[in-house]
Amino acid sequence: MKRSRWAEPLPWALLALVGLTLGMSSLKPLFAAGFPTLDRPMYEQDSFLALMLSHIGLVAVSSLVSVLLGWAAGVFATRPAGLVFRPMIETIVAMGQTIPPVAVLAIAAPLIGFGETPALIALALYGLLPVVQQTLAGLGSVPEDVLDAATGLGMTPAQRLWRVEWPLAWPVMLSGVRTSVIINIGTAAVASTVGAKTLGSPIIIGLSGFNTAYVLQGAVLVGLLAVVVDLGFERLMPRR
């Protein structure tokens with residue numbers, strides 16, 4: 001049974017995200033009533049639109065780096081010349097996610113300065129693991145008889161990769177990209193600790209100043225952004 005377009009969650013989630021991003025300041029009386037002990041119940045140091053755009057830009061650039069590096073590493077590790085390096089590659093990308101982003105930021109910021117650069121490094125490293133894992137899983141799931149048939153048709157290794165392996169592995173690989181981006185949306189909030197403007201700014205300031213209203217405003221927008229992007233990826237996933 002075909003679902004009514006009015007029942008689709010993506011448009012409603014997107015509408016809520018845009019509405020709150022542009023109209024959060026109009027909810028100041030509501031936050032003032034909900035948090036009467038706070039002198040400043042509404043975050044006003046930056047516009048939420050500017051924070052949203054900066055947050056999306058940071059996630060987009062870092063995720064692009066993670067995806068390109070992850071795909072390249074995954075493809076290399078499944079080729080004959082790279083099989084011997086596969087355990088090392090898996091270990092390195094796993095280490096990249098076991099190290100907390102805060103630790104990477106704390107090390108990188110004094111060396112290369114505060115702002116978006118250390119945040120991009122931390123997020124790119126943190127997003128590698130799911131991309132590499134799912135690239136390996138996707139390419140490894142291609143049936144051997146399909147590969148043999150492609151070789152029998154006279155395809156070169158490169159042609160076999162792009163015409164046979166990549167299309168068959170794409171759904172699994174895309175799921176890795178989806179996971180990586182969603183992780184980075186949440187993790188990017190931490191980047192505000194080194195001076196990057198993100199939706200984490202009201203959260204960090206709210207936590208340091210015991211201002212729950214600030215934390216709530218930032219957290220709701222981060223959560224909605226993650227939901228919208230996740231639903232968008234769901235639309236991209238191949239239908240069975």
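This is a predicted model: local features need pLDDT of at least 70, side-chain atom pairs count only at pLDDT 80 or more; totals for chains, interfaces and linings use all residues.

Reader: What makes the pair of Glu90 and Arg86 a salt bridge?

Author: The cut-off is a side-chain nitrogen of Lys or Arg within 4 Å of a carboxyl oxygen of Asp or Glu. The closest N and O atoms of Glu90 and Arg86 are 3.6 Å apart, so the pair qualifies. Both residues lie in helix 4, four residues apart, about one turn of the helix. As background, side chains of opposite charge can pair when their charged atoms come close.

Reader: Thanks! How many salt bridges does the structure hold?

Author: Eight. One of them joins Arg79 and Glu165, with the closest N and O atoms 2.9 Å apart. That pair links distant parts of the chain, 86 residues apart: Arg79 sits in the loop between helix 3 and helix 4, and Glu165 in helix 9 (residues 157-187).

Reader: Are Arg79 and Glu165 buried or exposed?

Author: Arg79 and Glu165 are both buried.

Reader: What makes Arg178 and Glu234 a salt bridge?

Author: Their N to O distance is 4.0 Å, and the definition asks for within 4 Å. The pair is listed as a salt bridge on that basis. Here too distant parts of the chain are linked: Arg178 is in helix 9 and Glu234 in helix 11, 56 residues apart. There is also a network, in which salt bridges that share partners join Arg79, Arg160 and Glu165.

Reader: And why is Glu234 called partly exposed?

Author: Glu234 has a relative accessible area of 34%, which lies between the limits of 20% and 50%, so the label is partly exposed.

Reader: Let's turn to a buried position. Why is Gly96 called buried?

Author: Gly96 has a relative accessible area of 16%, and buried means under 20%, so Gly96 is buried. This glycine is found in helix 4 (residues 86-98).

Reader: Which residues does Gly96 touch, leaving aside those up to four places away in sequence?

Author: Gly96 touches Leu125 and Tyr126.

Reader: Next, what makes Phe210 exposed?

Author: The relative accessible area of Phe210 is 74%, and exposed means over 50%, so Phe210 is exposed. Phe210 is placed in the loop between helix 10 (200-208) and helix 11 (212-236).

Reader: Which residues of helix 10 are buried?

Author: They are Gly200, Ser201, Pro202, Ile203 and Gly206. These buried residues pack against helix 3 and helix 11.

Reader: Now the surface. Which residues form the nonpolar patch?

Author: Leu14, Val18, Leu22, Leu49 and Leu53 form the patch, with about 460 Å² of accessible area together. Helix 1 (9-23) and helix 3 (48-78) each supply at least two of the patch residues, and the largest share, three residues, comes from helix 1.

Reader: Why is Leu53 called exposed?

Author: Leu53 has a relative accessible area of 54%; the label requires over 50%, so Leu53 is exposed. Leu53 is found in helix 3.

Reader: And what about Ala16: why is Ala16 partly exposed?

Author: Ala16 is at 31% relative accessibility, between the limits of 20% and 50%, so Ala16 counts as partly exposed. Ala16 lies in helix 1, and its C-alpha atom is separated by 9.3 Å from that of Leu221, 205 residues apart along the chain.

Methods: Residues are numbered from 1 along each chain as its sequence is written. Side-chain values use heavy atoms; hydrogens and water are left out. Patches are made of residues with over 30% relative accessible area and no salt bridge: like charges are joined within 9 Å, nonpolar side chains (Val, Leu, Ile, Met, Phe, Trp, Tyr) within 5 Å. Accessible areas come from the Shrake-Rupley method with a 1.4 Å probe; for residues, only the protein chains shown count as cover. Buried means under 20% relative accessible area, exposed over 50%, partly exposed in between (1.4 Å probe, protein chains only). Contact means heavy atoms within 4.5 Å.
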